Each structure stands twice: as C-alpha cells, then as structure tokens.
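Hi everyone, thanks for coming. Let me put the structure up, and then I'll walk you through it.

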Amino acid sequence: MSKLRPDLQIIADNISPKARVLDIGCGDGALMAALRDQKQVDARGLEIEPANVASAVSKGLSVVQGDADTDLSAYPDGSFDYAILSQTLQTTHRPDVIIDELLRIGKQAFVSFPNFAHWRVRMSLLFGGRMPVTRLLPQTWYDTPNIHHVTIDDFRALVRDGSLEQEGQWFLSGDKQTGKAMANLFAEHAVFLLRR
Amino acid sequence: MSEDERFGLDKRVRLLGPLPLDSGSALAPVELGYETYGTLNADASNAILICHALTGDQYVASTHPVTGKDGWWTRMVGPGKPVDTDRHFIICVNVIGSCMGSSGPATINPATEQPWGMEFPVLTIADMVRAQALLLDHLGIECLHAVIGGSMGGMQAINWTTLYPERVKSAVVIASAARHSAQNIAFHEVGRQAIMADPRWRGGAYYADDDPPSSGLAVARMAAHITYLSEAGLTEKFGRRLQDRESKTFGFDADFQVESYLRHQGISFVDRFDANSYLYITRAMDYFDLAEAYGGTLAHAFKGSKTRFCLISFDTDWLYPTSESRTIVHALNAAGAAASFVELSSAFGHDSFLLKNPEMNRIVDGFLKAGENT
C-alpha cells in the first residue's frame with residue numbers, strides 16, 4: 001500500500017465505511033483507490049488531466065474527465081455522502097460557487113488547500129518582494145494553476161458568510177498535524193469538513 | 001467447449017425468429033454471420049461482445065475472406081491484448097442489414113425466393129442489438145462481461161445497456177454518440193443520394209444482373225471517408241503533394257495524392273460491400289436517438305443501471321466529437337451510474353479508435369480487468 005499524501009490521509013481517516021464519495025480533482029485516483037480498498041467506499045472521480053484519468057481508470061476506478069468549473073451541474077442534489085475537493089479550490093474560477101456545488105451534491109464536503117498565510121509565504125513576500133514559491137506552491141506566478149490563493153482565515157470567513165457548518169478542521173505543517181492555535185500562521189495546509 | 005459446432009471462425013446460423021422490429025414488421029428467419037474467439041468458461045462469465053462499425057464486419061481478429069487483410073481490430077483483440085483471447089470468450093456478429101452473412105437486402109426473402117432488395121425492412125440500432133441477443137441465447141450466454149464498440153459499434157454497446165441492462169456488466173463506448181446529429185444525418189444523405197443517383201442502382205434491384213451501382217457506392221465511401229479523418233491528418237499524410245507526376249496536368253485526373261487515395265478507398269470498398277446495405281445501415285444510424293424513448297431525457301435511459309461504463313473520445317474526431325461523449329457522461333452521472341470517461345489525443349480524427357493508441361489500450365485493459373476482480 002503506497003502512502004497517501006498527508007491531507008488525503010486525514011480525509012481517508014475521517015470518512016465512514018461504505019460511504020458514497022465524489023472526489024473532485026482526484027488526480028490519479030490514489031485517495032479513491034485507498035477508500036475503495038480500505039473502507040469499501042463507492043467512489044467516483046472528476047479529473048481534468050487526461051493522463052491522470054487514464055491512470056485512474058486503468059486502476060479500475062470510475063473517473064470522468066472534466067472541469068470542476070463546468071461539469072458539476074450534472075450531478076443530482078445529495079447524490080453523495082461526501083464531496084471531496086483536495087488542493088483544487090485555489091485553481092477554480094469561483095471557489096465560492098464550487099463550495100456551494102460541493103454541498104449541493106454531497107451531504108458533507110472535505111476541502112483541503114495550501115495556506116497562503118503560512119509564515120514562510122509571508123516571509124517570502126515580505127523580504128523577497130516576489131510572489132512566493134514554496135513546497136506546496138511550487139509554480140511561478142505566470143504558470144501557476146492557483147488563480148485564487150486563499151488563507152485559512154479567508155476560508156473561515158467564507159464558511160461563516162455562507163452560514164456553513166464546520167464539522168472538522170485539521171492542519172498540517174510539513175507532513176505532520178499541527179495545532180489549531182495560530183494555524184493561519186503556522187499551518188502550511190488545511191483540511192476542513194463542512195456541512196450546510 | 002472447443003468441439004462445439006456453434007463456436008469458432010466464420011460461423012453462420014439461421015435462427016427461426018421472428019425478430020420483431022422497431023418499424024412494426026418482423027424478420028424471419030434471422031440469418032447471422034459471426035465469429036467467436038477464445039474459450040467460454042464453465043459459468044459463461046467471460047464473454048465479451050464486440051460490435052462493429054458501419055462498414056465493419058465479424059472478422060475482428062481473423063483474416064478477411066474478401067480482402068485477405070488482417071482483422072479490423074487486432075490491436076485491441078488477440079492473445080495478451082486488452083480483449084484477450086486467452087482470457088475472454090469473444091463474439092463478433094455481422095449486424096443485420098449488412099452483407100457478410102447476416103440477413104440484409106442481398107439475402108433471400110423467403111416470401112419471394114428472390115433477394116430482398118428494398119423490400120428488406122428498415123432497421124434500427126436497437127433491432128441490430130436484439131438480433132445479437134438472439135445469437136447470445138443460441139450460444140448459451142446469459143450475461144456479457146462486457147460489450148465493446150467504436151462509432152456505430154458504440155451505439156450498439158450503449159443501446160445494449162438500456163435494452164438488456166441485466167445482461168451487460170460493463171460497456172466500452174468509443175468515439176460514439178447517443179444520437180445522430182443533423183450533420184451526421186446530412187453526410188449520410190449525401191452517400192445515399194450518390195448510390196441512388198447511379199443508374200445501375202435501379203431501385204435496389206441489381207442483384208440478378210450482378211451489376212451493382214459501384215460508382216455511386218464508391219462516391220458514398222469517398223465522402224464518408226473524409227469524415228473519418230481530420231484536416232491535420234490529411235495535411236500530414238498528403239498535403240498538396242502530387243500523385244506520381246512532376247506538375248499539374250490541367251485536367252481532371254487524380255493529380256493530388258489525396259484524390260488518388262480517396263479514389264482507391266472508394267474502388268476497393270465496392271468489392272466488399274453491398275450498396276443497399278449501405279443505405280439500410282446509414283438509415284439505422286440516422287434513426288438512432290437513445291433519449292427519444294425516454295421523453296428526451298438521456299439520464300432516464302440509465303436510471304438504476306448497474307452496468308459500469310467506460311467512454312473514450314478523440315480530440316480530432318469531428319464526426320462524433322467529445323461533446324457527444326460528454327453528453328452521455330453527464331447523463332450517466334445524473335443517473336448515478338458508474339462511469340469513466342477520457343478524451344484522448346490523436347491526429348487521426350474519428351478513425352483513431354481503429355489505429356494504434358497505447359493509452360486507449362491501457363484504459364480498456366484496466367477497465368476490463370477491474371470488472372474481473374469483483
């Protein structure tokens with residue numbers, strides 16, 4: 001069993017067995033395969049990169065090539081127990097609309113994203129004066145797919161403004177979980193579990 | 001099982017029928033030409049049906065009796081291939097309406113003891129599928145591990161899942177659509193008119209004199225062949241290069257390589273295909289609209305479906321473009337069906353599904369194997 005990315009491991013640990021799951025931006029299907037094999041989850045995926053879709057399908061997973069910005073509307077209301085959006089929110093055209101869609105399709109939604117207010121990012125901008133390039137945000141400003149950078153506090157505000165329920169939150173520094181205190185400064189990466 | 005007379009290459013069977021048709025008439029008897037490959041396992045659970053395209057036939061992985069060429073999909077079907085003759089039991093049937101051993105306009109009408117000609121009933125894709133189901137009954141196969149097809153074969157594959165949902169565990173639909181578009185119908189009408197404008201067509205009654213409308217059929221094939229390719233593919237293959245000459249002739253010979261190629265495609269086609277079959281099969285494709293029987297909502301066709309679906313399209317295919325596959329995928333998602341879909345890159349337009357494409361093979365291989373583990 002290959003090791004899951006830490007944010008995906010958190011999501012996998014917190015999904016109930018035999019759930020119905022839609023993984024949006026599922027990559028090569030690593031999380032879906034783990035959920036299927038370890039928790040008998042009925043997992044479906046949406047992924048934009050053809051090579052990733054091919055890899056996922058060749059693992060026997062049900063993954064369709066598509067774009068979170070345009071292809072979510074076909075999924076009926078409440079058709080999944082969980083909708084998952086891992087490291088994809090910041091690449092979408094309208095993250096607020098996408099979160100609405102997640103909670104329309106799924107009863108609950110996992111959202112994970114790199115925190116743009118992590119101290120290393122802040123230092124990079126403050127002292128370097130250039131757009132930060134870090135481990136979790138490795139691209140330069142002109143070729144990054146991350147068109148909506150977001151901080152943990154920004155995300156909390158969006159959740160609050162949308163009157164959404166926060167059912168869980170997890171924070172990662174390096175590949176280890178870190179505390180909730182001052183997460184906006186010390187967490188590189190956040191995972192939220194939401195409900196309407 | 002290998003001793004069973006029903007299994008093997010170049011088989012013919014005459015089933016009593018009658019086969020009720022969508023048009024309201026019925027076909028009896030039902031003659032079917034087919035081939036099987038591999039060995040049916042003890043519980044008959046390893047059967048895969050391959051559905052062929054408009055001008056295809058049952059010789060999917062064996063030498064064609066007329067052209068002497070290899071089977072049309074040996075890249076996909078064979079020992080160690082995604083559709084594995086060592087692992088699967090594979091069936092490929094000539095569609096009814098065609099001309100390679102199955103009932104069609106060139107076969108004998110029992111009422112008149114003459115070739116059917118235009119008296120042959122007009123068919124639909126669903127009629128073709130029901131005829132295939134008759135053959136599976138005859139072969140003792142209740143449930144297919146998979147049904148696989150490209151282009152018109154994909155239409156049959158997807159129609160299998162709605163007509164016989166309990167008989168199909170998985171479906172692979174490549175470079176296809178859930179309905180024929182106005183453009184698809186328009187191209188087919190050009191082909192049909194070319195055939196019917198040939199004075200030798202004579203209302204379809206040309207069999208007795210053995211003098212078929214070859215010129216019309218060749219033109220139909222030439223026009224259709226353009227739609228199977230892409231502009232980039234044509235440019236890459238031929239450009240504006242001249243055929244066996246240094247300069248233009250200022251005449252109407254095939255000066256350009258692309259003209260020579262199309263003429264060759266037309267001329268070689270008429271040796272292996274019946275003009276009336278071309279009329280009937282293109283008509284069946286034009287009538288195809290899977291959503292029609294479901295109030296126009298495609299998702300209703302797949303309601304409660306337990307079948308696993310795998311759809312593949314090609315980025316340069318403008319005959320059955322990706323948007324047509326995506327329409328099916330959206331309907332499958334809306335119905336909650338287990339669907340996979342990918343658009344692959346290829347320079348060769350609609351014909352890509354017949355050509356070498358390792359990514360397509362990898363996907364089909366993984367998709368089929370996943371269904372065997374459960």
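So, here's something to start with: how many residues of domain 1 of chain B are in contact with domain 2 of chain B, and how many of domain 2 take part? Keep in mind that this is a predicted model. The answer is 26 residues from domain 1 of chain B, touching 23 residues of domain 2 of chain B.

Where are those two domains? In the domain assignment of chain B, domain 1 comes in two pieces, 11-180 and 289-373, and domain 2 covers 184-283. Their C-alpha centres sit 25 Å apart. On the domain 1 side of that contact in chain B, you've got 15 nonpolar residues, ten polar ones and one charged.

Okay, stepping back to chain B as a whole. We count ten helices and 14 strands there. The C-alpha atoms of chain B fill a box of roughly 65 × 50 × 45 Å along the principal axes.

Last stop: chain A against chain B. That contact takes 15 residues from chain A and 23 residues from chain B. On the chain A side, the elements giving two or more residues are α3 (50-58) and β3 (62-65). The largest share, five residues, is from α3(A). By class, the chain A side splits into nine nonpolar, five polar and one charged.

Conventions
Residues numbered from 1 in each chain as written. Chains lettered and ligands numbered in written order. Predicted model: local features only at pLDDT ≥ 70, side-chain atom pairs only at ≥ 80, totals over all residues. Contact = placed C-beta atoms within 7 Å. Helix = DSSP H or I, 4+ residues; strand = E, 2+ residues; numbered from the N terminus. Nonpolar A, V, L, I, M, F, W, Y, C, P; charged D, E, K, R; others polar. Domains from an automatic or database assignment.
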